[in-house]
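Have a look at it before reading on.

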Amino acid sequence: MGGARRPPLFQFGRWLGVVPFFVFSGLFLIGPVVVLAYRSLEGPDGGLTLDNYRELTNPTVLASYGLSIRISLTTAVLGGLIGFFLAWAVSMGGLPRPFRSGLTTFSGVASNFAGVPLAAAFIFTLGRIGAITALFELIGIDIYGAGFTLYSYWGLTIVYLFFQIPLMVLVLLPALDGLKQDWREAAENLGATPRQYWRRVALPILLPSILGTMILLFGNAFGAHATAYALTGGLLNLATLLIGQQISGDVLNNPGLGYAVAMGMVFIMALSIILYSILQRRSERWLG
Amino acid sequence: MTGFLSLENVRKEFNGVVAVESFNLEVEPGEFVSFLGPSGCGKTTTLRMVAGFEPPTSGTIRLAGEDVTYAKANERNIGMVFQSYALFPNMTVADNIAFGLRVRKEEGAARGERVAELLDLIHLPDKAKAYPNELSGGQQQRVALARALAIRPQLLLLDEPLSALDAKIRDDLRAEIRRIQRQLNITTIYVTHDQEEALALSDRVVVMSKGQIEQVGEPFEIYNNPATGFVASFVGQLNRLPVTVVDPALGRVRVGRSEIRTTSLIESPAGAEVSLMMRPEEVTLDAEEENVLEGTVESVTFLGSIVRVQVAVDGGRLTADLFNERLLVLPVAGDATQLSFPSHACWVMV
Amino acid sequence: MTISAPPIPVIETEAEQAPAKRSRFWAWVILIITALYFLVPLGATFYWSLRAEADKLGFEAYRRLFADSNFWPSFTESVINAIAAIFLSLLIIVPTAYWVTLRLPKLRPVVEFITLLPFVIPAVVLVFALLRLYGRPPLLLTATYDSSRVLLVCAYTALSFPYMFRSVDNGLRAMDVRSLTEAAQSLGAGWPTILRRVIFPNLRVALLSGALLTFAIVIGELTIALFLAQQTFGPYMANLTRSKVYEPSAMAIVAFALTWAAMGTIALITRPGKRG
């Protein structure tokens, strides 16, 4: 009868299952980013320097960041608000039940429908010869003549909302479910009107979720490339498009700067994911 | 029509299913009334109708003389405590308690005083700035109680408030609730499926089953003079012996080869098959009382203060609950034994 | 016996329902307006796709699309890439999720963090980094079309990690993998048996969901494929938009239908109450 022996401190077998994961992530996720970070700190003569980051004040770069941030904020706030009202409508607004599952499935599809097909669909709708443009012409309104164009800031905003709103809906529906009916009844029982309940109880409880998801939406728009590329080619000076151009040819005339721009994007995305996680954890604490 | 709270012929239907039927009750001011029954008996539905969360299908509900049947839930000045506490997680204990006062636009100073008063009442004076998720279940429920009482309601409703708590906390809180209720002399309705709770807390108990009232009465009455078979078996342990009526006028029935006499009324004729009921605590393992039966011990369960002995007798089975004694010699399964009980301890039901 | 007065309660009941009616009105308004926003572009595109033949509504655009010499090659290439990425991802993620749940729970935060990296690294930044890292010796992977394709599939696998891990993780949690494993062990089963008879059968739904999500992501992916000069479905669609008039609308509808099929299947197989 063998006595129990203390197992060796490091057993290869214990780690076997996760080794492929770490190796793969190292090769294709972490490694590349580390290389980017390193090269962004590399000076022309090979030493380490922060010059590339100082160069981020280059007008092209600043403009691209600015535009990307503005469009991400716009679509995050608009998408967030519309998504919130839509989620409210199907869960608590008294609509028939099938609408909710229909909306959930549709949101799953629409939030993944970015890129070329989405851009194409909107070109056929609001492009120069799009169906809606034609409809407006039929009733005498020339929207392109009036200055509207799909290939612009607002055009891209309209297109981005197609996947931003569903993303908000998908995250917010479970959160709205978490609003316990008991809270509403307790508030009612204590004399509150529906408006008072929303103002003092429901909205404060939902706020972390709403805010957190808007931040997620921000990141989502900020990092989007395919849709913008498919819709505008290189017309709009967005940060992602700028990086794309830098890949094909050194449009910034400064390879180090290219790396810095990419790392700048990573920082902003990381920040938004961190903020989202913090708010999401708070929201889960209250909404379970 | 003289009750502080009166429900007249209240009925509730959901999609053709009748949840509550012919509910009639008068509650006196300051009275503590329990609605007791199994899940689905309609007790919570009735409570929610009183609270205003469900409109009755028909019937009237009056509070202090006023018809509140269809009044809005936020206009009834009734305090409610939920099974899940329902404390607002985004507010501190003090803010939760003050919520009803804030809604009524009471002044800050008056509000603060009232909150402090209630925190004292529930014995949690130093928890004012804590958040609900920092409190234990029992503490949360006390805060929920304070929140309901803050608005000085005319009526207090509690929907199974102790179900989600551990046994020990439940006992402590049960006593707290009764103490506070007596101190404030507030009319209270308490919904529970736990008959021990209902018996211990109430001035009167309303036993419900399948949407109807089975019996209304004081705990002692309900327990010792159950009106229906349901009440008899739902409240407390019950012995049920199938017997044949021998002589209704003399109260004699037969089980197996033995005859039993009961002092309660027998309405069935001789020869009818009926049930003889009695409480286990009235049965003893000796031949001291008037009715004696022979039997064999089937099982002995030691419950602490009670020793529960199941005995097979000719024609059925009886349970005897004996008080524990330190020098008690426990019977053993298989022993032959005698059982006896007084004739006034048993009654007959069809 | 009191005489009840029916008329008054009826009116008051309606008054009580009025606020609910008002909010229901706004709910419908919101639903209809957003439905228009979502359905009109799809409808317009579909309408366009039927107008390839002058004055006639027909499926000519679709015929031309499917007959296009580059459609099927690029589509099949994408499908193969997707299947490879799914396979690779499952192979890596399932053991990882299982290990992290049962044997190395302390590693969980690290693993979860890494699976979130694709959200932090936009696709364009990732391909930028991949090209710089593997674009020159000693780690040259972009010399040939096929080696770049390998790089592409690896990138897709990495991109699928958040979805695959979450899917498998949820699946493991739902089946209470710890208890099931311990029960199997107490009955004498070894690891291969446990994996084969206990883990995988109960993970079928989760694996399928993860696979379908990955498929939806890979099939139309543009950014990485573009910069790795791959002729997959994404770049094909982009080219089509610039070169043809009617086919792109058919292509958009087809893409939407594909995504819908994938998501709809996920919704169907993950319906609560279905036994796995």
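In what order do the six strands of the open sheet in chain B run? Keep in mind that this is a predicted model. Going across the sheet, you pass β6, β7, β8, β3, β9 and β10 of chain B, with mixed pairing. At the edges sit β6 (78-81) and β10 (212-217) of chain B, each pairing on one side only. From one strand to the next, the twist averages 15°.

Now zoom in on one pair from that sheet. Strands β7 (residues 155-159) and β8 (residues 187-192) of chain B run parallel and are joined by five bridges. If you pick out Leu158(B), its bridge partner in β8(B) is Tyr190(B).

One helix pair here is worth a stop. Helix α2 (residues 19-40) of chain A and helix α5 (residues 123-134) of chain C have axes that come within 9 Å and cross at roughly 80°. That angle falls in the 65 to 115 degree range, so α2(A) and α5(C) are roughly perpendicular to each other. Among the residues that meet are Pro32(A), Val35(A) and Leu36(A) from α2(A), and Leu126(C), Leu130(C) and Leu133(C) from α5(C). By class, this helix contact has eight nonpolar, one polar and two charged residues.

Technical notes:
Residues numbered from 1 in each chain as written. Chains lettered and ligands numbered in written order. Predicted model: local features only at pLDDT ≥ 70, side-chain atom pairs only at ≥ 80, totals over all residues. Axes fitted to C-alpha atoms, helices over the stretch in contact; angles between N-to-C directions. Helix = DSSP H or I, 4+ residues; strand = E, 2+ residues; numbered from the N terminus. Parallel < 35°, antiparallel > 145°, perpendicular 65-115°, else oblique. Contact = placed C-beta atoms within 7 Å. Nonpolar A, V, L, I, M, F, W, Y, C, P; charged D, E, K, R; others polar. Pairing = 2+ DSSP bridges.
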